[in-house]
Amino acid sequence: MMRARFWGTRGSLPVALTAAGVRHKLLTALRAARGRPLTTEADLERVLAGLPFADAATYGGHGPCVQLETGGFDYFVCDMGSGLRPFGHAAMAQRSGGAGQTFHIFQSHLHWDHIMGLPFFVPAFVPGNRVVIYGSHPGLEAALRRQQEPPSFPVDFSIFGAKLEFVHLEPGRAHQIAGVAVTSMLQRHGGDSYGYRFESQGKVVVYSTDSEHPLEQPEHTQRFVNFFRDADLVIFDGMYSLADAVSVKADWGHSSNIVGVELCQMAGARHLCLFHHEPVFDDAAIDAVLAETRRLEEITRGATRLRVSAAYDGLEIGL
Amino acid sequence: MQVSTRHHADATVATLTGRIDHQTAAQLEAALAPLLAEAGANRGALVLDFAGVDYISSVGLRVLMIAAKQMREHQAQLLVAALQSVVVEIFTISRFNRILTVTPTLDDALALCSPAALAHYRGAGPATPP
């Protein structure tokens with residue numbers, strides 16, 4: 001396992017920057033540039049480097065889609081949110097649109113925001129490609145076919161030229177897939193969701209989104225601590241504040257940054273990446289959550305430091 | 001984690017000491033149960049003196065949220081007072097500062113309970129029997 005590449009990081013519903021949002025960023029950058037030399041490209045880069053991420057860039061708005069570069073030739077992907085579309089374009093460009101590619105796609109669950117990218121996934125239209133969709137839900141194939149039936153979508157599932165396969169993964173058992181050991185685990189979410197633990201070449205990545213953690217159940221906590229154990233990277237549903245997650249949004253199926261830090265610390269994980277961002281949050285709000293989560297990690301740190309980041313569309317994390 | 005209580009007129013002050021984490025949250029929940037029942041039945045107030053609490057985890061915060069909800073249902077009050085700076089940060093990061101009534105000092109908390117409770121506390125009189 002070499003690298004995680006984020007193509008979609010937003011939860012529930014894709015979002016986009018508005019004209020007002022872009023204008024705000026431009027004004028902030030221009031204010032920061034006042035009185036500073038702006039002659040060379042390096043001058044400009046220095047100004048941008050001094051801005052918070054929320055002002056200089058954006059977390060993006062595509063729905064969940066994470067690529068794992070395993071070191072092998074096949075593609076590994078978690079979830080088919082709207083981020084699957086730009087991933088598909090990039091994959092086509094990377095290998096000049098050549099057929100004969102295999103895509104292993106692991107579905108956390110079948111809610112709309114996690115499957116809506118498939119009808120726009122260009123490699124699935126290319127004869128000679130192979131798209132293998134893995135999941136632990138019994139209705140995996142039916143759900144994907146249904147989203148392309150009238151009146152929901154005008155293009156039938158049969159349009160795909162690639163060979164589509166569906167593979168049921170038994171939770172709790174390691175499956176060897178193209179050189180990677182993949183284990184799924186049941187999570188608490190409406191209609192169920194599954195987390196994935198990927199192990200390859202001595203590296204471990206856990207993808208755990210759309211997962212609520214009932215704090216009153218110690219056995220649940222221990223199950224996740226074991227699943228996250230010694231992970232190099234945990235991609236974690238940090239959609240809500242803890243206060244929301246245990247009060248007004250209890251049973252909504254999501255988690256918080258605080259529980260992410262606690263589980264990773266108990267599991268000895270090395271890197272927590274906050275994921276499935278609340279669509280209501282603007283860039284500044286996510287920046288604030290990230291800063292607070294880093295501070296929480298700092299004040300609760302044990303023997304080892306847990307690195308904390310917030311996923312954004314385009315982020316790459318090397319392992 | 002340890003809990004001791006004092007009564008000030010219609011308010012009960014529970015003084016907590018130690019860490020509230022995955023190991024001790026159940027102990028806190030059990031210790032609060034009779035205090036919540038009593039304050040709820042009397043439509044009184046329960047003040048949690050956090051001056052001696054140096055850490056609280058998500059599980060402990062959940063216990064406080066349930067306690068506050070229980071008190072609201074009985075038209076009683078739950079207040080959390082005198083947080084250490086690290087615990088203030090945890091409340092802020094978790095946003096529990098928005099769903100619980102938190103005061104800087106015990107004096108501030110009792111002022112929100114009732115004039116009688118504040119007067120009794122300031123008078124430093126003997127503890128009122130429960």
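Mentor: Helices, in the sense used here, are DSSP runs of H or I with at least four residues, numbered from the N terminus. Keep in mind as we go that this is a predicted model.

Trainee: In which helix is A:Arg145 found, and is A:Arg145 buried, partly exposed or exposed?

Mentor: A:Arg145 belongs to the run of residues 140-146 in chain A, which is helix H6. The C-alpha atom of A:Arg145 is separated by 5.8 Å from that of A:Phe157, a residue 12 positions away along the chain. Because a residue is buried with 20 or more other C-beta atoms within 10 Å and exposed with 12 or fewer, the 14 C-beta neighbours of A:Arg145 inside 10 Å make it partly exposed.

Trainee: What radius of gyration does chain A have, and how does it stand against the value for a compact globule?

Mentor: Chain A holds 10 helices and 14 strands, and its C-alpha trace spans about 60 × 50 × 40 Å along the principal axes. Buried residues make up 45% of its 319 residues, and of the contacts with a separation of 6 or more, 71% are between residues 24 or more positions apart. Since a compact globule of 319 residues would have a radius of gyration near 20 Å, the value for chain A agrees with it, at 20 Å.

Trainee: In what order do the 7 strands of the open sheet in chain A lie, and which are the edge strands?

Mentor: The pairing in this open sheet is mixed, and the order of its strands is E6-E5-E4-E3-E2-E1-E14 in chain A. The twist averages 20° from one strand to the next. Pairing on one side only marks the edge strands of chain A, which are strand E6 (163-168) and strand E14 (316-318).

Trainee: How many bridges join strand E3 to strand E4 in chain A, and in which sense do they run, parallel or antiparallel?

Mentor: Strands of a sheet can pair either way through backbone hydrogen bonds. A:Val77 stands opposite A:Ile105 in E4(A). Strand E3 (residues 75-78) and strand E4 (residues 102-106) of chain A are joined by 4 bridges, and they run parallel.

Trainee: Which residue of E3(A) is the bridge partner of A:Val66?

Mentor: Strand E2 (residues 65-69) of chain A is mostly covered, with 4 of its 5 residues buried. With strand E1 (residues 3-8) of chain A, E2(A) pairs in the antiparallel sense over 5 bridges, and there A:Ala4 stands opposite A:Leu68. E2(A) and E3(A) also run antiparallel, joined by 3 bridges, and in E3(A) the partner of A:Val66 is A:Cys78.

Trainee: Which residue takes a positive phi in the hairpin of E2(A) and E3(A)?

Mentor: Between the two strands of this hairpin there are 5 residues. The positive phi, near 95°, is taken by A:Gly71.

Trainee: Which residues have the most contacts inside the largest nonpolar core?

Mentor: This core has 121 residues, and its largest share, 8 residues, comes from helix H2 (residues 58-73) of chain B. Beyond its neighbours within four places in sequence, A:Phe228 is in contact with several residues, including A:Val206, A:Leu263 and A:Ala267. Those with the most contacts inside the core are A:Phe228, A:Val234, A:Ile235, A:Leu272 and B:Val47.

Trainee: How do the residues on the side of chain A that touches chain B divide into nonpolar, polar and charged?

Mentor: The contact takes 17 residues from chain A and 16 residues from chain B. On the side of chain A, the elements that give two or more residues are helix H7 (218-228), helix H8 (242-246), helix H9 (257-267) and helix H10 (283-299). The residues on that side divide into 9 nonpolar, 3 polar and 5 charged.

Note on methods:
Residues numbered from 1 in each chain as written. Chains lettered and ligands numbered in written order. Predicted model: local features only at pLDDT ≥ 70, side-chain atom pairs only at ≥ 80, totals over all residues. Rg over C-alpha atoms; globule rule 2.2 N^0.38 Å. Contact = placed C-beta atoms within 7 Å. Pairing = 2+ DSSP bridges. Axes fitted to C-alpha atoms, helices over the stretch in contact; angles between N-to-C directions. Core = buried A, V, L, I, M, F, W, Y, C linked by C-beta atoms within 7 Å. Nonpolar A, V, L, I, M, F, W, Y, C, P; charged D, E, K, R; others polar.
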